[in-house]
Amino acid sequence: MEQIKLNDINFHSLQKLKYQGTKATLYRDGNVCFKILDGLYDDEKELLYKKLLDMEGIRINNVLLPKKLIVKGGKLQGYTMDYFHNSIPLSDKFSVRYVDSKKLFDYVLKASKILRTIHSNNIICQDLSFENILVNDNGNVAFCDLDGCSYDGHISPFISILMKRFLIDYRDEKILLSSNLDRISMLISFYYLIYAKEIQCLTKKQYHKLSDKITTLENAKMYANMLVDRNNSIGQVPYLDELIDLNDDCIYDRYKQLSLVRRFLKR
């Protein structure tokens with residue numbers, strides 16, 4: 001994989017992006033995005049360096065994979081990737097009061113199909129969240145931040161905060177690397193975006209308040225019940241494109257989802 005030296009980059013000429021990673025700083029130069037891994041420890045960078053070298057040559061449509069490695073003194077400092085224009089994280093796109101389920105499900109359907117292709121390349125995203133899925137107003141979708149993935153024996157130490165709170169804090173289970181882990185991550189991210197509440201905190205009454213109007217949520221109900229049932233192990237979860245009903249066309253008001261107490265506290 002082609003490499004560029006950190007000292008050869010003129011950061012003063014780059015545009016710092018509005019949306020930043022938790023362990024990196026992102027810049028833009030035209031169609032190129034620079035990701036500087038200033039939040040990783042040296043040993044984490046070393047492991048990532050080996051993984052990215054082994055992933056050389058993998059190209060997946062709508063996935064922003066590393067193109068050139070940024071190094072200093074022979075050590076990984078970051079990488080470049082394509083810049084996805086006029087986009088924001090899926091989590092931000094629908095963090096609004098009035099949610100259009102038809103538009104949301106269209107984006108999620110596309111993301112789910114991209115995830116299938118990622119898995120067909122023997123990659124487990126592992127750190128999958130809707131913050132790492134970018135969308136634009138043209139209906140395009142792209143996965144980013146796949147440096148946290150697991151690939152061909154290279155295991156990442158990272159999972160999303162939602163997954164940590166669900167799988168480790170709530171279910172008290174170990175992380176088992178498989179495509180099912182990503183499908184669970186996508187499903188719990190889906191619920192969080194729709195309900196603005198983590199799946200383990202949803203009551204059946206709250207769930208049915210929307211599922212009575214939205215067929216997709218009714219389709220996914222059995223998997224929601226399975227995930228929150230700590231008396232039984234988690235089985236296989238389908239890809240979301242298997243559950244989404246494209247006939248759903250509901251615009252709902254998040255404000256009306258809030259309880260009277262929560263509405264009062266928000267005033």
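Predicted model: local features only at pLDDT ≥ 70, side-chain atom pairs only at ≥ 80, totals over all residues.
Which strands does helix 1 lie across, and at about what angle does this helix run to strand 6? Helix 1, residues 42-54, lies across strand 1, strand 5 (68-72) and strand 6, and runs at about 45° to strand 6. Contact here means heavy atoms within 4.5 Å. The axes are lines fitted to C-alpha atoms, for helices over the stretch in contact, and the angles run from 0 to 180 degrees between N-to-C directions. Helices (H or I, at least four residues) and strands (E, at least two) are DSSP runs, numbered from the N terminus.

Residues are numbered from 1 along each chain as its sequence is written, and side-chain values use heavy atoms, with hydrogens and water left out.

Six strands form an open sheet in the order 1-5-6-4-3-2, and their pairing is mixed. Strand 1 (3-5) and strand 2 (15-16) are at the edges with a single partner strand each, so one side of each has no neighbour in the sheet. Two strands are said to pair if DSSP finds at least two bridges between them.

Strand 2 runs antiparallel to strand 3 (residues 25-29), and two bridges join them. K16 has Y27 of strand 3 as its bridge partner. Y27 in turn has F34 as its bridge partner in strand 4. Strand 3 and strand 4 are antiparallel, with five bridges between them. These two strands form a hairpin with two residues between them, and G30 in the turn has a positive phi of about 65°. Strand 4 (residues 32-36) also pairs with strand 6 (residues 75-82), in the antiparallel sense and over five bridges. There, V32 stands opposite D82 of strand 6.

What is the strand order of the open sheet of three strands? The order is 7-10-11, with antiparallel pairing. Strand 7 (87-89) and strand 11 (141-143) are the edge strands, each with a single partner strand, so one side of each is left without a neighbour in the sheet. On average, neighbouring strands of this sheet are turned by 30° against each other, direction ignored. Strand 7 pairs with strand 10 (residues 133-136) in the antiparallel sense over three bridges, and P89 has L134 of strand 10 as its bridge partner. Helix 3 lies across strand 10 and strand 11, at about 40° to strand 11.

Helix 3 also packs against another helix. Helix 3 and helix 5 pack at an angle of about 165°, and their axes are 11 Å apart. These helices are therefore roughly antiparallel to each other; angles under 35 degrees count as roughly parallel, over 145 as roughly antiparallel, 65 to 115 as roughly perpendicular and the rest as oblique. Residues making the contact include L104, F105 and V108 of helix 3, and M186, F190 and L193 of helix 5.

I come now to the charged side chains. A salt bridge is a side-chain nitrogen of Lys or Arg within 4 Å of a carboxyl oxygen of Asp or Glu. By this rule the count is 14 salt bridges.

E46 is partly exposed at 47% relative accessibility, and K50 is partly exposed at 44%. In these terms, buried means under 20% relative accessible area, exposed over 50%, and partly exposed in between (1.4 Å probe, protein chains only).

Which parts of the chain does the salt bridge between R116 and D241 tie together? The closest N and O atoms of R116 and D241 are 3.0 Å apart. R116 lies in helix 3 (residues 101-120) and D241 in the loop between helix 8 (221-228) and strand 13 (251-253), so the pair ties together parts that are 125 residues apart in sequence. R116 is partly exposed at 32%, whereas D241 is buried at 17%.

Finally, E198 and R165 form a salt bridge at 2.7 Å, N to O. E198 is in the loop between helix 5 (179-195) and helix 6 (204-211), and R165 is in helix 4 (residues 161-170), 33 residues apart. E198 is buried at 13% relative accessibility, while R165 is partly exposed at 38%.
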